[in-house]
Amino acid sequence: MPWGNGRGPPSGRGGGRGGGFGQGPGGDCICPNCGHREPHQLGAPCYTRKCPKCGAPMTRA
Ligand SMILES: [Zn+2]
């Protein structure tokens with residue numbers, strides 16, 4: 001699997017209930033500037049992504 005961030009797969013956290021990111025699986029990223037939302041992708045934190053509409057850094061919804 002493409003765990004290209006050097007952290008390995010997200011195991012050992014979350015008590016064995018999916019995700020393991022601490023904020024729940026399957027969330028959205030949201031642009032604080034224009035409100036654009038899109039699905040959060042594992043391995044790509046929202047703040048590393050930019051809004052496709054306005055270019056602002058996105059945040060966790
Ligand atoms: Zn935006």
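Buried residues make up 21% of the 61 residues in the protein; buried means under 20% relative accessible area, exposed over 50%, and partly exposed in between, using a 1.4 Å probe and protein chains only. This is a predicted model, where local features need pLDDT of at least 70, side-chain atom pairs count only at pLDDT 80 or more, and totals for chains, interfaces and linings use all residues. Residues are numbered from 1 along each chain as its sequence is written, and side-chain values use heavy atoms, with hydrogens and water left out.

Let us start with the overall fold. The protein has three strands and zero helices, giving the pattern β-β-β along the sequence. Here helices (H or I, at least four residues) and strands (E, at least two) are DSSP runs, numbered from the N terminus.

Now to the metal. The zinc ion has Cys 31, Cys 34, Cys 51 and Cys 54 as its protein donors, each through SG and lying 2.3 Å from the ion. Donors are N, O and S atoms within 2.8 Å of the metal (3.2 Å for Na, K and Ca); water is not among the atoms, so sites may look incomplete. Along the chain, the donors follow the spacing C-x2-C-x16-C-x2-C.

| Residue | Relative accessibility | Class |
|---|---|---|
| Cys 31 | 2% | buried |
| Cys 54 | 37% | partly exposed |
| Gly 43 | 37% | partly exposed |

Gly 43 sits in the loop between strand S2 (37–39) and strand S3 (59–60).
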